[in-house]
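Hello,

Here is the structure I promised to hand over. Please have it open while you read; my notes follow below.

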Amino acid sequence: MARKKIALIGAGNIGGTLAHLCALKGLGDVVLYDVIDGLPQGKALDLLEAGPIEGYDVNIIGTMSYADIQGADVCIVTAGLARKPGMSRDDLLGINCKIMRQVSENIAQYAPNAFVIVITNPLDAMVTLTKRVTGFAKNKVVGQAGVLDSSRYRTFIAQELKVSVRNVTAMVLGGHGDDMVPVRSYCQVAGMPIERLITAQRLEEIENRTRQAGGEIVALLKTGSAFYSPASAAIQMAEAYLYDKKQILPCAAYLEGEYGINGVYFGVPVQVGAGGVERVIELTLSEKEKQEMQVSVSHVQELVAAMDKVLAASA
Ligand code: A3D
């Protein structure tokens, strides 16, 4: 059986980490694309030279030519600017819009059958743009945010209770901004509802830390944003697709009436398998969670409207 082909658009911090994970997990041959001459080629060669030590045989190439992504099965997009201290994700809108438009045109041309996972911020707007420009069906374009945000929530809960992260199940839904929605009513530790284990006040603190977790890392790194954990999150989504796992994961998916929301990408639980985003799962939320989802979706709608203005001005 031929190896799968994974195109990574953007060979920066997340792109390089994605390539490393693809190789270590033997997910497929990797094409690392970037616009900085030498960066994708250098990272690809470095990773190839680790192959004999790690024992992977996958091919990894670095390129500045979109022709090399021809026929990719999966494209993971991180092209664009990352946050620096003092910036919000939304501050990246203007510049990343232009980059993502160009990236999406090329994906449509060279990898028309790919499952596309977008990571570039501001996430909810950038994944909307990708779907529009590629013209791909909604099941083939998805945004990574919820897997990471949920992993952060799970990390903090595991630390609080001093239990294995494997015992903590949780989902963070909504837009990938400071008003994301940690869904307390579905958070469990070894099947026990979280509200029986941690006080409401302490949970509130943990949830606020989760909402600010991206910024916490930006403030520490000072030169960029988180990259190990976003890469791990996108790889979990790619594996669910490539191995037809039918795994339920919180992702930014295109909604057409689910949760009462229409025509935007928004973080909800979805089932990912060989068909891409195979279905949206509708949870029964508490009144507070429903209200929080409303606040978050308004923010995403404002962001998409701002994106439309940027695109109209540059048309
Ligand atoms: P960084 O290390 O700067 O890498 C981005 C790469 O994109 C650089 O190597 C650039 O050269 C490259 N690039 C710029 N323009 C183009 C273009 N036109 N075509 C192809 N490549 C281009 O950033 P990073 O890897 O740390 O982050 C990448 C993106 O992911 C940023 O927008 C971040 O804000 C975002 N991000 C999202 C999450 C989510 O959970 C959604 C988390 C962390 C970062």
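**Backbone and ligand notes**

Lys222 lies in the loop between helix H8 (213–221) and helix H9 (228–242). Helices here are DSSP runs of H or I with at least four residues, strands are runs of E with at least two, and both are numbered from the N terminus. This is a predicted model: local features need pLDDT of at least 70, side-chain atom pairs count only at pLDDT 80 or more, and totals for chains, interfaces and linings use all residues. Residues are numbered from 1 along each chain as its sequence is written, and side-chain values use heavy atoms, with hydrogens and water left out.

Back to Lys222. Its phi is near 70°, a positive value in a residue other than glycine. Lys222 is exposed, with a relative accessible area of 53%. (Exposed means over 50% relative accessible area, buried under 20%, partly exposed in between, with a 1.4 Å probe and protein chains only.)

Ala190 also has a positive phi, near 50°, and is not glycine. You will find Ala190 in the loop between strand E10 (188–189) and strand E11 (192–193). Ala190 is exposed, at 54% relative accessible area.

Next, a cis peptide bond. It runs from Asn121 to Pro122, with omega near -5°. Pro122 is in the loop between strand E5 (115–118) and helix H5 (123–134).

Now Ser104, in helix H4 (residues 93–110). Ser104 is buried, with a relative accessible area of 0%. A polar atom of its side chain lies 2.7 Å from the backbone oxygen of Met100. Beyond its neighbours within four places in sequence, Ser104 is in contact (heavy atoms within 4.5 Å) with Thr130, Val133 and Thr134.

Last, the ligand. There are 28 residues around the ligand (a heavy atom within 4 Å). Asn13, Ile14, Asp34, Leu81 and Ile119 come nearest. H4 gives the largest share of the shell, three residues. Helix H1 (13–25) and H4 each supply at least two.

Which backbone atoms lie 2.6 Å from an oxygen atom of the ligand? A backbone N or O atom of Leu81 does. For Gly80, a backbone N or O atom is 3.2 Å from a ligand oxygen. For Asn13, a polar backbone atom is 2.8 Å from one. Taken alone the ligand exposes 860 Å² (Shrake-Rupley method, 1.4 Å probe), and the protein buries 90% of that.

Best wishes

Technical notes
A polar contact is a pair of N or O atoms within 3.5 Å; within protein, one must be able to donate a hydrogen and the other to accept it, and residues adjacent in sequence count only if both atoms are side-chain atoms.
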